[in-house]
Amino acid sequence: MAGSLREPSFNVSASTSCDTDDEGVRGTCEDASMCKRFAVSLGYWHDPYIQHFVRLSKERKAPEINRGYFARVHGVGQLVKAFLQKTECCCQVLNLGAGMDTTFWKLKDEGLLPSKYFEVDFPMIVTRKLHNIKCKPVLLNPIVELHSEDTLQMDGHMLDSKRYAIVGADLRDLSELEEKLKKCNMNTQLPTLLITECVLVYMTPEQSANLLKWAARSFDTAMFINYEQVNMGDRFGQIMIENLRRRQCDLAGVETCKSLESQKERLLASGWETASAVDMMELYSRLPRAEVSRIEALEFLDEMELLEQLMQHYCLCWATKGGGELGLKEVTY
Ligand SMILES: C[S@@+](CC[C@H](N)C(=O)[O-])C[C@H]1O[C@@H](n2cnc3c(N)ncnc32)[C@H](O)[C@@H]1O
């Protein structure tokens, strides 16, 4: 059953070239967005935008998967909002490996937009996202409305506007990443929130540490939110790894996903001043009771064991640097 508790690609080729490795990783975007769309269609949370990026899966997703995604979206969302509140939205957000994430549009609706919201993903994913943005007024209009100048900067792999930018770049190539973000007016003086939701695990420990070090070095006041696997050394974790490998998707960074301690250690060793981590079972147990009752009534689940195992194999981590005067160090789930 652990086979369905991952973010695999659906159509990956069997070749073993480097590009094919990336194809497996890029395929995880489809899976994450389809799972989110499915959970949204059942009423787990409200997101009127995800339907414009991905089709509705014909296959039902298991209730454990839907509850897992609910906790993930809730957990990341709470930390994002805490950062926006502490900085009074006078900040920027960099969503790295954003896939089809819809946070920008949801924050706009809630009146919680940062000064600028950036998204990064592989150029092929960005091209697909941009196609949807350009074709669907419900996605394009909010960007255009916020943009005071005449023309939007846009090509196949990037869009830059006053409050939203999306760039195609490989997160393992930091000079390219920095150059492209700077072209879109990334401001290293602003308090900055960086988000990686199920992304670092696809990079080697060295590559993810380099990204984390670059982030800690680049901004004086910053917070990093990372959601991904944890406790991967046990049997359940091994099954998750094997299932993904069969789909040409290697969890190259799984070594850092051994424990909450190894997750925190990586952050602290990369120049972050505080680091916290919680597994998703713990997070689930701290969710507001009314919300838990509401979502648990959506689908029947008589056996909690699999849900607990799943939740124990994912975690939410966050780290801060500077920002003592803003109260960033006190941000907690
Ligand atoms: C599992 S998906 C998650 C997408 C999104 N963060 C979410 O939670 O819905 C992982 C995403 O990270 C992107 N990604 C992984 N490695 C990357 C890299 N080296 N450079 C750019 N994007 C990367 C993939 O293309 C994919 O869109």
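**Aromatic residues and their surroundings**

Analyst: In this predicted model, ring pairs link Phe53, Phe104, Trp105, Tyr117 and Tyr164 into a cluster.

User: How many aromatic pairs does a search of the whole structure find?

Analyst: The search finds eight aromatic pairs. One of them is formed by phenylalanine 224 and tryptophan 272, and because the ring centres are 5.7 Å apart with the planes at 75°, the pair is edge-to-face. The pair links distant parts of the chain, with phenylalanine 224 in strand β7 and tryptophan 272 in the loop between α9 and β8, 48 residues apart.

User: Phenylalanine 224 and tryptophan 272, buried or exposed?

Analyst: Phenylalanine 224 is buried, and tryptophan 272 is buried as well.

User: Back to the cluster. Which ring does the charged end of lysine 129 sit over?

Analyst: The charged end of lysine 129 sits over the ring of phenylalanine 53, 5.3 Å from its centre, and phenylalanine 53 is one of the residues in the ring cluster. Lysine 129 itself is found in helix α4, residues 123-135.

User: Is that lysine 129 buried or exposed?

Analyst: Lysine 129 counts as buried because its relative accessible area is 0%, where the cut-off for buried is under 20%. Leaving aside neighbours within four places in sequence, lysine 129 is in contact with Phe53, Gly99, Met100, Asp101, Trp105, Glu119, Tyr164 and Ile166.

User: Where does the charged end of arginine 26 sit?

Analyst: The charged end of arginine 26 sits over the ring of phenylalanine 122, 5.7 Å from the ring centre.

User: Switching to strands, which residues of β2 are buried on each side?

Analyst: Strand β2 spans residues 116-121, and six of its six residues are buried. Lys116, Phe118 and Val120 lie on one side and Tyr117, Glu119 and Asp121 on the other, so that both faces are covered, by the cut-off of under 20% relative accessible area for buried.

User: And what does β2 pair with?

Analyst: Strand β1, residues 92-96, pairs with β2 in the parallel sense over five bridges, and the bridge partner of valine 93 in β2 is tyrosine 117. Five bridges also join β2 to strand β5, residues 164-168, and these two strands run parallel, with aspartate 121 having glycine 168 as its bridge partner in β5.

User: Which helix goes with β1 and β2 in the β-α-β unit, and what is its handedness?

Analyst: Helix α3, residues 103-109, makes the unit together with β1 and β2, and the unit is right-handed.

User: Now β7, how many of its residues are buried?

Analyst: Strand β7 is mostly covered, with eight of its eight residues buried. β6 and β7 pair in the parallel sense over six bridges, and leucine 193 has methionine 223 as its bridge partner in β7. The chain crosses from β6 through helix α7, residues 205-218, to β7, in a β-α-β crossover that is right-handed. Eight bridges join β7 to strand β9, residues 314-321, and this pairing is antiparallel; within β9, the bridge partner of glutamate 228 is cysteine 315.

User: I also had proline 191 on my list. Where does proline 191 lie?

Analyst: Proline 191 lies in the loop between α6 and β6, and it counts as buried because its relative accessible area is 14%. Apart from neighbours within four places in sequence, proline 191 is in contact with Phe83, Thr87, Cys90, Cys91, Gln92, Thr221 and Leu326.

User: What about backbone angles, what is the phi of glutamate 88?

Analyst: Glutamate 88 has a positive phi of about 50° although it is not a glycine. Glutamate 88 lies in the loop between α2 and β1, and with a relative accessible area of 70% it is exposed. Asparagine 231 also has a positive phi, near 55°; it is placed in the loop between β7 and α8 and counts as partly exposed at 28% relative accessibility.

User: Last topic, where in the protein chain is confidence lowest and where highest?

Analyst: The protein chain averages a pLDDT of 93, and 94% of the residues score at least 70. Confidence is lowest in strand β3, residues 153-155, at a mean of 86, and highest in β1, at 99. Over residues 1-18 the pLDDT is below 50, although this stretch has 51 contacts in the model beyond near neighbours in sequence. Where pLDDT is low, the predicted coordinates should not be read in detail.

How values were computed:
Residues numbered from 1 in each chain as written. Predicted model: local features only at pLDDT ≥ 70, side-chain atom pairs only at ≥ 80, totals over all residues. Heavy atoms only, no water. Buried < 20%, exposed > 50% of the residue type's maximum accessible area, 1.4 Å probe, protein only. Helix = DSSP H or I, 4+ residues; strand = E, 2+ residues; numbered from the N terminus. Pairing = 2+ DSSP bridges. Right-handed = clockwise from strand over helix to strand, strands pointing away. Contact = heavy atoms within 4.5 Å. Phe/Tyr/Trp six-rings, centres within 6.5 Å; stacked < 30°, edge-to-face > 60°. Lys NZ or Arg CZ within 6 Å of the ring centre and 35° of its normal. pLDDT = per-residue confidence, 0-100.
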